[in-house]
Amino acid sequence: MDRIRVFSGAPWEKRYGYCRAIRAGNQVFTTGTAPIADDGSVFAPGDACAQARRCYEIIDRALRELGAGLRDVVRCRMYVTEISRCDEFGRAHAALFAEHPPCLTMVEVRSLIDPAMLVEIEVEAVVQAAG
């Protein structure tokens, strides 16, 4: 089975040996995606909803490079540093997936790679075969 990989250029990809997303057949998997601004800084420090939206923007870009989109997502995992803010993270998720809800898991973690990051998201998608 062919595998197609896309990279975002994040410094950790080369350092730790991973890609942003990979397509294997009709399945697409993304790595944990953090809220990074275009300049490499943490996007919207302190704003849980904005950070989650940013993660999904980065994920959507990778999915599109692999012939998929948010409508193809079947599972999401959110790793959050403050579960008490679940409604803020959830609001960003619901805005994108209300019409086609995937499975969702939200888990509190002690910390992420940068203390200003409140959320990291990974998804799995299934792309319908052509024809």
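This is a predicted model: local features need pLDDT of at least 70, side-chain atom pairs count only at pLDDT 80 or more; totals for chains, interfaces and linings use all residues.

R20 sits in the loop that separates α1 from β2 (21-24). Residues are numbered from 1 along each chain as its sequence is written, and side-chain values use heavy atoms, with hydrogens and water left out.

The relative accessibility of R20 is 6%, which counts as buried. Burial is defined by relative accessible area, computed with a 1.4 Å probe on protein chains only: buried is under 20%, exposed is over 50%, and partly exposed lies in between. Setting aside residues up to four places away in sequence, R20 touches V6, F7, S8, A10, E13, F29, T30, T31, G32, T33, I58 and A62; contact means heavy atoms within 4.5 Å. With S8, the side chain of R20 makes a polar contact of 3.3 Å. Such a contact is a pair of N or O atoms within 3.5 Å; within protein, one must be able to donate a hydrogen and the other to accept it, and residues adjacent in sequence count only if both atoms are side-chain atoms.

**Salt bridges**

Side chains of opposite charge can pair when their charged atoms come close. The criterion for a salt bridge is a side-chain nitrogen of Lys or Arg within 4 Å of a carboxyl oxygen of Asp or Glu. The structure holds eight of these, including the pairs in the table.

| Pair | N to O distance |
|---|---|
| R20 and E13 | 3.9 Å |
| D38 and R54 | 2.9 Å |
| R85 and E88 | 3.0 Å |

In the pair of R20 and E13, both residues are buried. D38 and R54 form a salt bridge at 2.9 Å. D38 belongs to the loop between β3 (27-30) and α2 (48-65) and R54 to helix α2, so this pair ties together parts that are 16 residues apart in sequence. D38 is exposed at 72% relative accessibility, whereas R54 is buried at 7%. A network of salt bridges links D38, R54 and E57.

α2 has 18 residues and spans 26 Å from its first C-alpha to its last, close to the 26 Å expected at 1.5 Å a residue. The expected span is 1.5 Å times one less than the number of residues in the helix. Of the 18 residues of α2, 13 are buried, so the helix is largely enclosed by the rest of the structure. Its N-terminal end is capped by D47, which has a side-chain oxygen 3.3 Å from the backbone nitrogen of C49. G67 follows α2 and has a positive phi, near 80 degrees.

Most residues other than glycine have a negative phi. A44 has a positive phi, near 45 degrees, and is a residue other than glycine. A44 is located in the loop between β3 and α2 and counts as partly exposed at 23% relative accessibility.

**The largest pocket**

What is the volume of the largest pocket? The value is about 400 Å³. On a 1 Å grid over the protein atoms alone, a pocket is an open set of points with protein on both sides within 12 Å along at least five of seven lines, and lining residues have an atom within 4 Å of a point. Grid points are joined across faces, edges and corners, and the volume is the space filled by probe spheres set on the points. The lining of the largest pocket comprises 22 residues, of which S8, A10, W12, R20 and I36 lie nearest its centre. α1 (11-16) and α2 each supply at least two residues of this lining.

H100 lies in the loop between α3 (86-97) and β5 (103-108). H100 is buried, with a relative accessible area of 16%. Its side chain reaches the backbone oxygen of L96 at 3.4 Å. Not counting residues up to four places away in sequence, H100 touches L70 and R71.

V127 is in the segment after β6 (119-126) and is buried at 8% relative accessibility. Beyond four places in sequence, V127 touches R23, N26, V28, G67, A68 and D72.

Terms used:
Helices (H or I, at least four residues) and strands (E, at least two) are DSSP runs, numbered from the N terminus. On a 1 Å grid over the protein atoms alone, a cavity is a set of points where a 1.4 Å probe fits but cannot get out, and a pocket is an open set with protein on both sides within 12 Å along at least five of seven lines; lining residues have an atom within 4 Å of a point.
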